[in-house]
Each structure stands twice: as C-alpha cells, then as structure tokens.
Amino acid sequence: MELLFGVAVLVVFIVVILIKTAIVVPQRHEYVVERLGKYRTTLEAGFHVLIPFLDKIAYRRNLKELPVDIGGQTCITADNVTLQVDGIMYIQVVNSRQSAYGIEDYHFAASQLAQTSLRSAIGKISLDNTFEARENLNQQVVEAIDDAAQNWGIKVLRYEIKDIEPPRSVLDAMEKQMQAEREKRAEIARSEGDKQSVINRAEGERAEAIARSEGEKMKR
C-alpha cells in the first residue's frame, strides 16, 4: 500500500514538473528563457521542454504588429501657435532578446520618443503648413524613432497623426479668413461678369453700327 502511495506521489510530482517545464509557444510569439538569472535562449513557436528549477521564462514577446496610442500633447509651431496633437503608432518586435534587455519598457520609450519627435518637427513649420505637411511629419517621427530604437529590438512601421486641434481663437480667425477669401472670390467673379457684360454690349453696339453703316453705304 505504501509502495502504491509512493508511486502515485512520484507520478503526480512528474506530471507537475512536466506541466511547469513543458512549454508551447503560440504562432507569432517568442519566449526569452533565462537559466539561473542569465539569458539562455529564445524559444520560437512550437513545443519546448525546460530544465526544472534551472530554466524559467523571463519575457514573452508578441511578434505581431501592435498599435500604440499616442495621447494628445501640446505642440508649438514656428509662428508661436499652440496646437493639441494626438496620433497612433504601429510597432513590431523584431528581436525578442534586444527588446527584453535593451530597454526596460519599449512601449513607453517609443511613445515618449514619438511625442518629443513630433513636437520638434511641428516647431519647425508654421501653422498654415502644419495641416498640409502631415505625411512629412509622420515620416519624420518614424525616422527619429527608428534611429533611436536600433538597440531596442523593435521597428516602427508607421505613425499617423489622428487630429490637430488649434485654439478656439485661431479657429475663429481661420474661419473669418476663409469667409473673407470666399467673399473676395465672389466679388472678383461679379466684377469679371460685369466687365464681360460691358465688353459684350460694346461689341454688339459696334457690330450694329458697322452693319448700319454698311447698309447705308449699300443704299447710296
């Protein structure tokens, strides 16, 4: 009886050890394994068995493209206009080991660098150019993060500005300017119409006078 109990305990112990050490890594994921606190290997997708009490999974990395929301921040243009700008960044882990040991938190670091890079880029252009230069601003942010993140094991795939919000006073001024431009174009259109009308009448009167003169000449 005691022998059976001992065997049962041994079997349970072995099952627990297997559960703790048998690892299945999902597709598009990688696990970083440490042995006694030191990096040992990176497990790719599939079934793996670790050495009990020596190996442990220290970091789990998702290799899929991940969106990172960049919250609204205050930016100042070259002509000293304050804007509220927010965006979204798409990153991907390309080296699990570097993402684990190259920096403490690559999500936080990338988002902070995106904010500072965007503030720097917007500070070099005027308000009028800000709305037209979104693609250029997005590209500048991507290049700045890629340069800094070479040792982080990540790649920035793209960055998109979601919204640019000027102050209420600037929006009112822009609306008045647009209204003035519309009124100016309408006035020019009316003026051109009146001018063309006068020209057409003069041409008609001239043609009528010539025809009348020719008629009188033929009569004589």
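**Rings, charges and strands**

Mentor: A place to begin is a cluster in which ring pairs link Y39, Y59 and Y101. Keep in mind that this is a predicted model.

Trainee: Okay, how many aromatic pairs does a search of the whole structure find?
Mentor: The search finds two aromatic pairs. In one of them, the ring centres of Y39 and Y101 are 6.0 Å apart with the planes at 80°, so the pair is edge-to-face. Y39 belongs to strand β3 (residues 38–43) and Y101 to helix α2 (residues 96–101), so this contact ties together parts that are 62 residues apart in sequence.

Trainee: Is Y101 buried, exposed or partly exposed?
Mentor: Y101 counts as partly exposed, at 37% relative accessibility. The rings of Y59 and Y101 also pair: their centres are 5.5 Å apart and their planes at 80°, so this pair is edge-to-face. Here Y59 comes from strand β5 (residues 55–62) and Y101 from helix α2, so parts 42 residues apart in sequence are tied together.

Trainee: And what about the accessibility of Y39 and Y59?
Mentor: Y39 is partly exposed with a relative accessible area of 23%, and Y59 is partly exposed with 28%.

Trainee: Switching to charges. How many salt bridges are there?
Mentor: The count comes to five salt bridges. One of them joins R35 to D55, with the closest N and O atoms 2.7 Å apart. That pair links distant parts of the chain, with R35 in strand β2 (residues 29–35) and D55 in strand β5, 20 residues apart.

Trainee: Is D55 buried or exposed?
Mentor: D55 is buried, with a relative accessible area of 11%. The cut-off for buried is under 20%. R35 counts as partly exposed at 29% relative accessibility.

Trainee: Which other residue forms a salt bridge with D55?
Mentor: R40 does, and the closest N and O atoms of that pair are 3.8 Å apart. D55 sits in strand β5 and R40 in strand β3, so the bridge ties together parts 15 residues apart in sequence. R40 is partly exposed, with a relative accessible area of 40%. Put together, R35, R40 and D55 are linked in a network of salt bridges.

Trainee: Nice. What does R158 form a salt bridge with?
Mentor: With E65, where the closest N and O atoms are 2.8 Å apart. R158 lies in strand β8 and E65 in the loop between β5 and β6, so to speak distant parts of the chain, 93 residues apart. The charged end of R158 also sits over the ring of Y90, 4.2 Å from its centre. R158 counts as partly exposed at 37% relative accessibility, and E65 is partly exposed with a relative accessible area of 36%.

Trainee: Where does R60 lie?
Mentor: R60 lies over the face of Y31, at 4.7 Å from the ring centre.

Trainee: Last topic, the open sheet. What order do its three strands take?
Mentor: The order is β6-β7-β8, with antiparallel pairing. β6 (66–76) and β8 (154–165) are at the edges with a single partner strand each, so one side of each has no neighbour in the sheet. From one strand to the next, the twist averages 25°.

Trainee: How many bridges join β7 to β8?
Mentor: Ten bridges join them, with β7 covering residues 82–93. V85 stands opposite I164 in β8.

Trainee: Which strands does helix α3 lie across?
Mentor: Helix α3 (residues 106–122) lies across β6, β7 and β8, at about 35° to β6. Helix α5 (residues 134–148) lies across β7 and β8, running at about 145° to β8.

Note on methods
Residues numbered from 1 in each chain as written. Predicted model: local features only at pLDDT ≥ 70, side-chain atom pairs only at ≥ 80, totals over all residues. Heavy atoms only, no water. Pairing = 2+ DSSP bridges. Helix = DSSP H or I, 4+ residues; strand = E, 2+ residues; numbered from the N terminus. Axes fitted to C-alpha atoms, helices over the stretch in contact; angles between N-to-C directions. Contact = heavy atoms within 4.5 Å. Phe/Tyr/Trp six-rings, centres within 6.5 Å; stacked < 30°, edge-to-face > 60°. Buried < 20%, exposed > 50% of the residue type's maximum accessible area, 1.4 Å probe, protein only. Lys NZ or Arg CZ within 6 Å of the ring centre and 35° of its normal. Salt bridge = Lys/Arg side-chain N within 4 Å of Asp/Glu carboxyl O.
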